[in-house]
Amino acid sequence: MSSSESPRKSLLWLVAVGFFMQTLDGTIINTALPAMASSLGASPLRMQSVVVAYALTMAMLIPASGWIADRFGTRRVFFAAIVLFVIGSVLCALSRGIGQLVAARVVQGMGGALLLPVGRLALLRTVPRAQFLAAMSFVAIPGLIGPLLGPTLGGWLVEYASWHWIFLINVPVGLAGCLATLRFMPDLRAAGLRPFDGVGYALLAFGMVAISLAIDGVSGLGLRGVGVLVLLVFGFAAITAYWLHAVRKPHPLFEPALFGIPTLSIGLLGNLFSRLGSGCMPFLIPLLLQVSMNYSPLRAGLMMLPIALAGMAMKRFATPLIVRHGYRRVLVVNTALVGLTMASFGLATPEQPMALQILQLLVFGAVNSLQFTAMNTITLKDLDGSMASSGNTLLSMVQMLAMSMGVAAASAVLGGYTEVFGSATPRATLHAFEATFASMGLVTLASALIFWHLPPEARAVQPAQPEVSGQG
């Protein structure tokens, strides 16, 4: 191994570990929500803000991550990201109420939002172009391991220690990451830094937050009628104002020309609306198993393994399927299958045979994995070099936004059905969960219509790009 290859390999491992921290934390918390609710004196059905705060903060900061790294240097920003992530983790463990926990998750999300984009930027500028795809494939592996390990590890820690340890385990990993960053992360900056579109960023961030809070407010913040309507109006007005601003701005946050590429526009809309449904499943399934079926945290975590395993196994079949049938046919049919599989969880009962439950989880994991791979690659496949970075950032933002809105929407739906069926007994709560799964499945099913507008001739002509968002 040459002297230049050794630091490059160390950089790959550093970025991969940072990505692992981010993806692990996005899934480890779901199994622990009922225990956290009990400890903090809250309802387990009202814990969505803990998930939404993290995902929404990441969605807000991802568009600014590239400029921040160019302005302050990759080493300094990556180091600060790990420090923020560790501080947020410690604050989460020390929280004594839901408000404190949500605020701590915002701090944690600020660190998490910078880890992958800045690490990817460092690789882009140090790894030869011919080796970049292989490098990103290596970094993407922890993105698959995190969701595989997270729910089970979270359940084990809750059952045999306490929920606080799902955050405290980040501390030693983070400290090691800080030392490795100082040694292996190159301090790279842009040669010519263009002005940051602060006005556009403020409009876009405000719009995302307002719309997400409006959805979350239906169930989590106690907002009703006028409050939700006002937030929605302000949110959509801010998004509209951003678009008008971007058309006139010489260097906007996202070039309007991006949206003139049909595959990108359709891919982004499809990502947003299909993930509104499927993105809530890692949140809903552990809640269902623990609240309505009396599963222990560890057993609920183990039940999430089939989803992750099937998802990993499906990766190798995605490209051949798309090559043979084309993106439009695969996405229309598979989106419908994702929606129907989600709705099938509405048939779940404590008396359901374990084998049938596992089969249900395996099928959902497989079709959901194919969905993410196909959506991500069709969105980015027609972007040239000058637009690829901006398009990838926009896709990452939409993915995190859809996740936060999906959890908020599912919680609102679950809250509404809980008022209809009641929550006095596990059986009553089970009916609310069943109706929620059916409703969110229908939302995903309807999003299949978006992919019908893809060009029929669009097919995969190269290996599917690696999942680098943590959501695939």
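Student: Leaving aside its neighbours within four places in sequence, what is M110 in contact with?
Tutor: M110 is in contact with T57, L61 and L84 once those neighbours are set aside; contact means heavy atoms within 4.5 Å. Before we go on, this is a predicted model, where local features need pLDDT of at least 70 and side-chain atom pairs count only at pLDDT 80 or more, while totals for chains, interfaces and linings use all residues. Residues are numbered from 1 along each chain as its sequence is written, and side-chain values use heavy atoms, with hydrogens and water left out.

Student: Why is M110 called partly exposed?
Tutor: Buried means under 20% relative accessible area, exposed means over 50%, and partly exposed is in between (1.4 Å probe, protein chains only). M110 has a relative accessible area of 32%, so M110 counts as partly exposed. Its place is in helix α5; helices are DSSP runs of H or I with at least four residues, strands are runs of E with at least two, and both are numbered from the N terminus.

Student: What makes F72 partly exposed?
Tutor: The relative accessibility of F72 is 34%, so F72 gets that label too. F72 sits in helix α3 and touches V77, D187 and R189, not counting residues up to four places away in sequence.

Student: How do you know that the buried residues of α2 are on the same side?
Tutor: In α2 (residues 33-40), the buried residues are L33, P34, M36, A37 and L40. They cover an arc of only 160 degrees around the axis, so they are on the same side of α2. The arc is that of the directions from the helix axis to the C-beta atoms.

Student: What covers those buried residues of α2?
Tutor: The cover includes α3 (48-72), α5 (98-126), α7 (165-168) and α12 (281-292). After α2 comes G41, with a positive phi near 70 degrees.

Student: And the whole chain: how many helices and strands are there?
Tutor: The protein chain has 19 helices and 0 strands.
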